[in-house]
Amino acid sequence: MAQPFTQRNWVIKLNERLRFLDMNYEVPSHANTIWYSLGGITLIGIVYLFISGVWMTQFYAPLPDQATASVNQMINQSSFNNLIRSIHYWAAQFVILSMALHLLRVFISGSFKKPREGNWYIGVILFGIMFGLYFSGTIIKWDQEAYEALLHAAALKDFIGVLALWFTDEFAPGIPVLLRIYGLHVAILPALLLVFIGGHLYLINKLKISPLPKEHERLASNKKQTFGGHAKKLTGYAFVILGLLIAVSVLLPPGLGFSPVEGLEVTKPPGWFLWIYTVENFFGLPGLVWSSVIIGVSLLLVPFIDRKISPHLSERKLVLSIGMILTSVLVVAIIAGYFSAPVPHIGM
């Protein structure tokens, strides 16, 4: 006799084929706190970036003589398209911030320690990919800010050699550099992002969410929860984040600069690159290269520098102090870049 259709039977039959309930493993209670949910919150922001980006590709023309006009058309001819573009812009700001806070949380709590070193490295790579997407997204709107950002990349030929050639039309004569950067932004970097996010989630599933440092264990409930409950919590965050993105997008829609003019250097880079601008003010283009290399290498070396087995905060005072000082320097450099006046860096 056939069993009556119920929600429970439907879930069981679907699980027999998709095994999605295997993901419903136990998670500690602190996993549902904002501090330990930053990774999931970042993923939510990336989903919004992906959805809004796919929509924008239907209206964008990735050619130098059409790009700025197509973006202006999105802004001026359709309130909905302008809203989507605004959401994409603010979601990008949100993702960089939440990813930076997530990286900082993992560093402070010592969650990168054995056996989770591999996931730290994947996280650092994901951070680099997101900055690559942020940079390429700045370029493809193709206004004066975008043009000057591209010129800065091309001007690095004295420091990174032939690699800088990729940012010029000389790399592939007849194919505009803007078209290649568009391909980087909508295909290559998103594909890499998905691969490394998959690896990141796989290791979280296998190694589980890291425990709290000992100082805070007494404050946490010992009650175990499931990943399903954690996913429901993240779903709630997703609606809150979407509401905030829509509100900010309506109140503060991003503008667009004028079409590129050769020979001018009158803009500053977008928000999360302002620290580089401050460094350039003091050290020129070499400062741009070396500061980026130092930060990247320092992040990769964290598991080798902080080698104590215990994540106990009191046993890592020196490393944590250095990390907080460097983070503070970056924040101050961003603020200084925001308030500084535009100055030429590449001698135009």
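Colleague: How many helices and strands are there in the chain?
Modeller: This is a predicted model, where local features need pLDDT of at least 70, side-chain atom pairs count only at pLDDT 80 or more, and totals for chains, interfaces and linings use all residues. Residues are numbered from 1 along each chain as its sequence is written, and side-chain values use heavy atoms, leaving out hydrogens and water. Helices (H or I, at least four residues) and strands (E, at least two) are DSSP runs, numbered from the N terminus. From that end the elements run α-β-α-α-α-α-α-α-α-α-β-α-α-α, and the chain has twelve helices and two strands.

Colleague: Helix 10 covers residues 227-251; how far apart are its end C-alpha atoms?
Modeller: The expected span is 1.5 Å times one less than the number of residues. Helix 10 has 25 residues, so it should span 36 Å. The model agrees, with the end C-alpha atoms apart by 36 Å.

Colleague: Which residues of helix 10 are buried?
Modeller: Buried means under 20% relative accessible area, exposed over 50%, and partly exposed in between (1.4 Å probe, protein chains only). Their cover includes strand 1 (26-27), helix 2 (38-57), helix 4 (79-109) and strand 2 (225-226). The buried residues of helix 10 are His230, Leu234, Tyr237, Ala238, Ile241, Leu245 and Ser249.

Colleague: What percentage of the contacts with a separation of 6 or more comes from residues 24 or more positions apart?
Modeller: A contact means heavy atoms within 4.5 Å. Among contacts in the chain with a separation of 6 or more, the share from residues 24 or more positions apart is 80%.
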